[in-house]
Amino acid sequence: MKGDFDGDGRDDIAAYSPEFIWTVRKSGGGDPVVMGWGQAGDIRVPGDYDGDGKIDITVWRPSTGQWYRQRSRAGLDIMTWGVPGDIPVPADYDGDGAADVAIFRPTNGTWYIIHSSMNHIILRQFGENGDIPTPGAFIC
């Protein structure tokens, strides 16, 4: 996976092992950052959730709908958004520079988005049963 984990404007190399270990090699050099985060069945959903220009290590747990975000500026955050069968689709949908927590429900083609700028919930019917979402494709 790629992303700017250190906020220097360049993508860093990152890996997520089957043992739930994140390893980030920062573009500026130095020792890699190694962090355990997640458990079996979790889905990686890294993004800049606190808007500081750094990718935050995040997983979504489909069995509970919980998002576990280790935000670089704002610290640990656990929130529930989604149900089993949903697909996480975080992206900056409101254009404020921070990733929004979002899921796509393939059974009804609906996007459920929490705007980070106002903590406002948006529901958008866009898709059909079985569609595969492409996050970040529209601003709403």
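This is a predicted model: local features need pLDDT of at least 70, side-chain atom pairs count only at pLDDT 80 or more; totals for chains, interfaces and linings use all residues.
Student: Is the pair of Tyr49 and Trp67 stacked, tilted or edge-to-face?

Tutor: The ring centres of Tyr49 and Trp67 are 6.4 Å apart, and the angle between the planes is 75 degrees. Planes over 60 degrees apart count as edge-to-face. The pair of Tyr49 and Trp67 is therefore edge-to-face.

Student: Where in the chain do Tyr49 and Trp67 lie, and how many residues apart are they?

Tutor: Tyr49 lies in the loop between strand 5 (43–44) and strand 6 (57–61), whereas Trp67 belongs to strand 7. The pair thus links distant parts of the chain, with a separation of 18 residues.

Student: Which class describes the pair of Trp60 and Trp67?

Tutor: The ring centres of Trp60 and Trp67 are 6.4 Å apart. Their planes stand at 55 degrees, so the pair is tilted.

Student: Are Trp60 and Trp67 buried or exposed?

Tutor: Trp67 takes part in one aromatic cluster with Tyr49 and Trp60. As for accessibility, both Trp60 and Trp67 are buried.

Student: Which side chain of opposite charge is nearest to Arg71?

Tutor: Arg71 is found in strand 7 (residues 66–71). Arg71 is buried yet has no salt bridge. A salt bridge requires a distance within 4 Å, and the nearest side chain of opposite charge is 4.2 Å away: Asp77.

Student: What is the distance from the charged end of Arg105 to the centre of the ring of Tyr112?

Tutor: The charged end of Arg105 sits over the ring of Tyr112. Its distance from the ring centre is 4.4 Å.

Note on methods:
Residues are numbered from 1 along each chain as its sequence is written. Side-chain values use heavy atoms; hydrogens and water are left out. Helices (H or I, at least four residues) and strands (E, at least two) are DSSP runs, numbered from the N terminus. Buried means under 20% relative accessible area, exposed over 50%, partly exposed in between (1.4 Å probe, protein chains only). Lys and Arg count as positive and Asp and Glu as negative; His and the chain ends are not counted. Rings of Phe, Tyr and Trp (its six-membered ring) pair if their centres lie within 6.5 Å; planes under 30 degrees apart count as stacked, over 60 as edge-to-face and the rest as tilted. A charge sits over a ring if NZ of Lys or CZ of Arg is within 6 Å of the ring centre and within 35 degrees of the ring normal.
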